[in-house]
Amino acid sequence: MSKLVIVGTVAFDAIETPFGKTDKILGGAATFIGLAASQFRVDGAIVSIVGGDFPKEDLIMLESKGMDISGLEIVENGKTFFWSGKYHNDMNTRDTLITDLNVLADFNPKVPENYRDAEVVMLGNLHPLVQLGVIEQMHSPKLIVLDTMNFWMNSALNELMKVISKVDVITINDEEARQLSGEYSLVKAAQKIMEMGPKYVVIKKGEHGALLFGDDDVFFAPAMPLREVFDPTGAGDTFAGGFTGYLAKTGDYSYSNMKNAVINGSALASFCVEKFGPERLLNLTNKEVHQRIQQFKSLTQFDIKLT
């Protein structure tokens with residue numbers, strides 16, 4: 001099993017969807033990534049920052065899931081990053097109501113010494129300069145996975161391109177892939193993005209599944225059809241945590257094993273949306289995950305007679 005370094009936000013979210021609303025609850029990219037990766041019992045470390053208002057019980061919870069939090073800086077006189085959003089009826093679009101960076105505004109990540117030799121690095125959605133600072137602290141990781149978004153493409157493209165040139169895998173949604181590449185076809189978009197540096201591209205399509213590209217290979221994983229979707233917040237991060245957690249557990253970074261990682265990430269993301277915030281992930285059992293993966297298998301497994 002390989003060590004896994006997770007970089008991203010540990011935060012408070014306030015969410016409103018057609019199914020209800022919450023006050024401040026636990027959120028943040030690193031939180032969802034870490035909880036998903038913990039399903040694989042990996043040796044993982046979270047690198048992030050919170051304020052003195054962050055609940056001690058949530059720190060204890062992260063540790064209880066096997067996450068090392070020595071790289072989680074606590075600014076006692078500061079406030080934790082806060083995001084509030086409202087989802088539209090289609091659950092695919094949302095409006096950001098509040099973004100308070102708070103302590104995140106001065107975040108200078110420090111990877112713990114005993115994790116700088118980690119084989120796998122998961123760079124959650126943050127300013128590209130923060131992500132670059134983490135890469136520079138690592139010794140020689142075998143796999144660096146990057147998550148980013150259109151905000152950084154609009155506001156810090158040059159810095160983002162430097163990060164993209166140094167990573168092995170990038171995960172973005174279809175709209176972001178088109179913006180980054182300038183191509184409408186996702187096949188052409190992936191090819192252009194791979195020319196920027198990454199060996200593999202994962203394009204997330206929300207309720208329509210995910211695509212994995214590598215050289216001339218394409219793999220498609222469906223999304224699980226669910227009766228109800230309560231809250232899509234963190235689903236992409238959960239996918240990333242399942243993807244990197246599986247790869248860190250197996251230590252196999254080949255394209256063929258990434259297919260398995262995509263399925264595992266998709267399965268965990270399908271649980272995430274069933275409750276608000278990370279609630280569903282907190283009590284998820286191995287049996288439930290195994291059953292969900294079997295459901296994914298049955299979605300795409302068929303016999304056909306070719307004439």
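Reader: How many helices and strands does the protein chain have?

Author: In this predicted model, the protein chain has 11 helices and 15 strands.

Reader: What share of contacts in the protein chain joins residues at least 24 apart?

Author: Take the contacts between residues at least 6 apart in sequence: 63% of them join residues at least 24 apart.

Reader: What percentage of the residues count as buried?

Author: A residue is called buried when its relative accessible area is under 20%. In the protein chain, 54% of the 307 residues count as buried. The accessible surface comes to about 14,200 Å², and carbon and sulfur atoms account for 49% of that surface.

Reader: Is T31 buried or exposed?

Author: T31 has 0% relative accessibility, so T31 counts as buried. T31 is located in helix α1, which spans residues 29–37.

Reader: Which residues does T31 touch, leaving out those up to four places away in sequence?

Author: With those left out, T31 touches T9, V10, A11 and L26.

Reader: Which backbone oxygen lies 2.8 Å from a polar atom of the T31 side chain?

Author: A polar contact needs N or O atoms within 3.5 Å. Here the backbone oxygen belongs to G27, at 2.8 Å from a polar side-chain atom of T31.

Technical notes. Residues numbered from 1 in each chain as written. Predicted model: local features only at pLDDT ≥ 70, side-chain atom pairs only at ≥ 80, totals over all residues. Heavy atoms only, no water. Helix = DSSP H or I, 4+ residues; strand = E, 2+ residues; numbered from the N terminus. Buried < 20%, exposed > 50% of the residue type's maximum accessible area, 1.4 Å probe, protein only. Polar contact = N/O pair within 3.5 Å; in protein donor to acceptor, adjacent residues only side chain to side chain. Contact = heavy atoms within 4.5 Å. Areas by Shrake-Rupley, 256 points an atom, 1.4 Å probe, with all protein chains shown as cover.
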